Amino acid sequence: THREIDTLNALVRKEFADQEILNLNEQQSRTCFQDHNWTRDQIASHQTYRSGNAIRFNTPLFGSQYQKHDILIVDSILPDGNLLFTNGDTLSPNKIKHKISVGLMKSLDLTPGDKILITANNQEYGLTNGDTATIEEISPTGEIQLTDGRIVPAAFESISYGYATTSHKSQGSTCDHTILAAAQMTNRAC
């Protein structure tokens, strides 16, 4: 679950700070989108939404001003099942189910040396969903320079800590060491 991943990420960052690998006094806060990884059926149903949920457009919504990576915050769910957003717009979750991801906006404290996970594609900057990278430097404007030379623009909100992740997100990854935290093992999880 996201709570377990958050706990593991926090423990790793604390250990790295204790070992002076990370300097937590140099942190900069950044608001990022944390995907709930809902199914299309969950996204389509107004009953799964709560006030405060965020939706991120994965493709432009034709006939509207919304572009890829735009994020809206749910204010409330209307009696007709449409979502009312904090900007006053309304949309039917069933009509946009193939265009969005649903999650929450979360504040991340980032510092040089942190490992991050890219959670959406941005071809212009060479960022690919599922990539992990290490922060080299964070500019005063919020632009992140990665150790591999790529740049994460200040307005890009689709990142999370990259120390711990779900088995689904880690598929296809190669690493030297892993730790598996699981309440139970099923064929689906393996």
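Arg150 is in contact (heavy atoms within 4.5 Å) with Tyr125, Gly126, Leu127, Thr128, Asp131, Thr132, Ala133, Ile144 and Gln145, leaving aside neighbours within four places in sequence. The model is predicted: local features need pLDDT of at least 70, side-chain atom pairs count only at pLDDT 80 or more, and totals for chains, interfaces and linings use all residues. Residues are numbered from 1 along each chain as its sequence is written, and side-chain values use heavy atoms, with hydrogens and water left out.

Arg150 lies in the loop between strands S9 and S10. Helices (H or I, at least four residues) and strands (E, at least two) are DSSP runs, numbered from the N terminus. Arg150 counts as buried because its relative accessibility is 16%. Here buried means under 20% relative accessible area, exposed means over 50%, and partly exposed lies in between (1.4 Å probe, protein chains only). Two polar contacts of the Arg150 side chain were computed. A polar contact is a pair of N or O atoms within 3.5 Å; within protein, one must be able to donate a hydrogen and the other to accept it, and residues adjacent in sequence count only if both atoms are side-chain atoms. The side chain of Arg150 reaches the backbone oxygen of Gly126 at 2.9 Å. With the side chain of Asp131, the Arg150 side chain makes a polar contact at 3.0 Å.

Two strands count as paired if DSSP finds at least two bridges between them. Strands of a sheet pair through backbone hydrogen bonds, either parallel or antiparallel.

The pairings can be followed across the sheet. S8 and S9 (residues 144–146) pair in the antiparallel sense over three bridges. In this pair, Ile138 stands opposite Ile144 of S9. S7 (residues 115–118) and S8 (residues 132–138) are also antiparallel, over three bridges. Ile116 stands opposite Ala133 in S8. Three bridges join S7 to S11 (residues 159–161), and these strands run antiparallel. Ile118 has Ile159 as its bridge partner in S11.

A nonpolar core is a set of buried Ala, Val, Leu, Ile, Met, Phe, Trp, Tyr and Cys residues joined through side-chain atoms within 4.5 Å. The largest core has 18 residues, of which Leu110, Ile116, Ile144, Leu146, Val152 and Ile159 touch the most other members. Strand S6 (100–110), S7, S8, S9 and S11 each give two or more residues to this core. S8 gives the most, with three residues. A second, separate core of 15 residues includes Trp38, Tyr49, Phe85 and Ile96. In soluble globular proteins, nonpolar side chains tend to be buried together.

Ile159 has contacts in several parts of the chain. Not counting residues up to four places away in sequence, Ile159 touches Arg30, Cys32, Phe33, Leu108, Leu110, Ile116, Leu117, Ile118, Thr119, Ile144 and Val152.

Ala44 is placed in helix H2 (residues 40–44). Ala44 is buried, because its relative accessible area is 17%. Beyond four places in sequence, Ala44 touches Pro93, Asn94 and Lys97.

Two loop residues have positive phi. Glu20, a residue other than glycine, has phi near 60°. Glu20 is in the loop between helix H1 (2–18) and strand S1 (28–35). Glu20 counts as exposed, at 70% relative accessibility. Asn37 has a positive phi of about 55° although it is not a glycine. The loop between S1 and H2 holds Asn37. Asn37 is partly exposed, with a relative accessible area of 46%.

Of its 190 residues, 32% count as buried. Among contacts with a separation of 6 or more, 60% involve residues 24 or more positions apart. The chain exposes about 11,500 Å², of which carbon and sulfur atoms supply 48%. These areas come from the Shrake-Rupley method with a 1.4 Å probe; for residues, only the protein chains shown count as cover.
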